[in-house]
Number of protein chains: 2
Amino acid sequence: MRIFVVGFGVVARSFVELLESQQPILYSQHGLSPRLIGVCDSKGAAVSERGLIVDDLKAARESTGSVSGVAGHGVRNANVPQLIAECDADVVVEASPSQMSAPARAIENLKAAFRTGKHAISVNKAPLAAAMPAMMELASFNNVQFRFSGTVGGGTPVLNVARECARGDKVKSVRGIFNGTTNFILWKMHEEGLDFDTVLAEAIDLGYAETDPSADIDGIDAASKVVILANYVLGRPCTIDDVRVEGIRGLPRERIEQAAARGHRLKLIGEIGETLSVSPQEVPAGDPLDVPSSLNAITLTLKASADVTLIGRGAGGIETATSVMRDLLDIWNAIGGQP
Amino acid sequence: MRIFVVGFGVVARSFVELLESQQPILYSQHGLSPRLIGVCDSKGAAVSERGLIVDDLKAARESTGSVSGVAGHGVRNANVPQLIAECDADVVVEASPSQMSAPARAIENLKAAFRTGKHAISVNKAPLAAAMPAMMELASFNNVQFRFSGTVGGGTPVLNVARECARGDKVKSVRGIFNGTTNFILWKMHEEGLDFDTVLAEAIDLGYAETDPSADIDGIDAASKVVILANYVLGRPCTIDDVRVEGIRGLPRERIEQAAARGHRLKLIGEIGETLSVSPQEVPAGDPLDVPSSLNAITLTLKASADVTLIGRGAGGIETATSVMRDLLDIWNAIGGQP
C-alpha cells in the first residue's frame, strides 16, 4: 500500500516512524505492506516510488530545513495538490498544520486525492470544520474511503465508540469537553484560585497552549469537533457556521467561584443536541464530565441504553499517530485487504 | 436470518422486542431480515420455522408460565441442546439466566450450536468464565462466529472499545470496576457512613442486588469479566480459576474511613496485568475510576497512547439487548451480509 503524507509535524513524524517500526507486525497480522512514497512540508517534498527512509527525511529536515533536502528525491516549491494527483499513492494522509482560519489548502489536497481515486486520512480538522458535508460527498462520489478518527480525541477512539454505540441503538445527543487546553485552564483556575491571564501564561509556558491560543480559548477547536461528531455520528450535515460558539477568553474568576459555591465546576462544553454549541457551562462535581487537568471527556446519551462516557487525552503526537494507523488498517480492511 | 433464543428473561424479552420493532430499519439499513424461529425457557420451548410472534410468547408465558404454551408450536420438557442442533437457525442467542456455579448447561447449548455450524451470541458469562479458551477454539474450528459483547459492561461497548484501542497500539493492562452492585454498596458506605449489612439490605430492597448477592459481593461476577477481557483483548487464554478473587462481603466500615482519610475511595477493582485479580483497592478521589452509584468504569493502559477510560451502566435488560443487536449485526457483516 503506497502512502503519501502531507505535513511533517509531530503527528506525521510519529506516524511514519510507527509505520516503519511496525512493518513486520503489519505484514504478519494484517497482510499489509505499506510503502511511504511521498512526504511534503511547507517548503517542499520528497518523492520516491521505491519508498522513502524515515531517517533520511529527518536528517534532510534537520540539515536543510525541509524534507525536500533528501538527496535524489527532493522537490522544491512543490505544488502539493498536483503532486498528490500525479503520484501513484493508494492513500493520502493530510497532516499539515491545522489552520482553522485557512482551510483552503487542506481542502485542495483532499480534493486532489479523491478526484484521482485515492483514499484519504485527515488528522487536520480545518477542512472538515469548513466543508465536511462536501468532503464526505466527494469521497463517496469517487468511491474512495475517507477516515479522520484523529481529529476528535487524539488517540482516544471517540468517533469509533460513538458509531459503535449508534449501532443497535440511537445516539440522541452528545456533550463533551473537546479541548484539553481550556480544560486545563478552567481546572487550574478552580484548584488554585488563580485568574485567567495567569493560568493562560502558565499553560503557554508548559506547552499546553499555543503561543497564539485563540483556536483553543475562543472555542473554535472545540466547535470543529462538534461539527465532525454531528456529521459523522448523528448524520447531520453541518459546518462550523452552524455552531453557536462562546469561548473562555478573559473569563472572570468569579464565574468559577460562583459555580464552586453551588458544588459545580465550570467547563467548556460542546453540545450536539437540538442545536450545536460550545459554551462555558456548569457540571456537578463528580459528574463523569468533571475531569481534571487537560483530559477530554464525552458523554453520549442514547435512546434505549444509559449514558456512556469516554475519557482520555485529547491530543499528543504519538496518540494521534496511532489513530492514523487505525484509520489505515480500517481502509485496508474496507477495500478487502486480508491477513 | 433465522434466530433461536435460549432464555426468556429480561434481556431475551428486550432483545426479541427490539428485533420485532426494528425490523424495518434492520432491513433498510443493513439488508437484514431476522426471523425468530425458536425460544426456550426453563420449562419448555416454542419452535416455528415460519417465525414466532413476540406477543404470543409473552401471552403464553403469562397464562401458562412458559413459552411452551404457544398454541401449535409448544414443546414441553424440551432437550435444549438437541433442539438447537436440529433446528434450522443461523444464529443461537444464549441468554439463559447466568449461574456462575453451574455453567454446564450453557456450555452444552453453545457446543450444540457450534458443532452444527451455527453462529452464537452469549450474554451469559458463566460458560465464558468456565471455559472461554475451549469455546473460542470450538467456534473457530467449526468456522462460525461467536460474539459476547453484552457479557462485559452491558450496553456499554467495553469489549469493542478495548479491541479498537488495541489496533494500531498495544493494550498493556486493564483496571476497572466491573460490578455495579458492589460499587453502589461501597459508594453508599462512604457517602452515608453506613455499614456493609445495612447498605446490602438496602441494595436488595432497591433491586440493585439479588436476594442471593454472593456472585456480586464475593467478586465472582467481576472475576468472570476479568477472564473475558484477558482472553479477548490481551489474547491470554485463561479461566476463572486463574483469577485471584477477594470480594467485599462483610467489609468493615473502617476500611472505607481509612481510605477517605487519605483522600481515597475504596473500590472493588478487577485487574488484568501481570496477574489477574479482583480485590478491594483504593483509588484517589477524582480518579476516572472514582465513579458514583452503580456505574462501571474501565481504564485501559496502552503502550504508545495515554490511558483511555470508559464509564457506563454495567447492566440493565434493555442495554444488554442492544449489545445483542450489535453482535447480530457484526455477525451479519462478518458473513458477508450487505445492505
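How many bridges join strand S8 (residues 171-177) of chain B to S12(B), and do the two run parallel or antiparallel?

Modeller: Keep in mind that this is a predicted model. Six bridges join S8(B) to S12(B), and the two strands run antiparallel. One residue pair shows where they meet: Ile177(B), in S8(B), has Ala297(B) in S12(B) as its bridge partner.

S12(B) itself covers residues 295-302. Seven of its eight residues are buried, so the strand is mostly covered; buried here means that 20 or more other C-beta atoms lie within 10 Å of a residue's own.

S12(B) also pairs with strand S13 of chain B, residues 308-313. Six bridges join these two strands, which again run antiparallel. Here Asn296(B) has Gly312(B) in S13(B) as its bridge partner. S12(B) and S13(B) form a hairpin, with five residues between them.

Now the wider assembly. Chain A is superposed on chain B by a rotation of 180 degrees with 0.0 Å of shift along the axis, at an RMSD of 0.0 Å. This is the relation of a two-fold axis. In chain A, the C-alpha nearest that axis belongs to Leu310(A), 2.3 Å from it. As for the interface, 100% of the interface residues of chain A are also interface residues in chain B, so the copies meet through the same surface.

Notes: Residues numbered from 1 in each chain as written. Chains lettered and ligands numbered in written order. Predicted model: local features only at pLDDT ≥ 70, side-chain atom pairs only at ≥ 80, totals over all residues. Buried ≥ 20, exposed ≤ 12 C-beta atoms within 10 Å, placed from the backbone. Helix = DSSP H or I, 4+ residues; strand = E, 2+ residues; numbered from the N terminus. Pairing = 2+ DSSP bridges. Least-squares fit on C-alpha atoms with pLDDT ≥ 70 in both. Contact = placed C-beta atoms within 7 Å.
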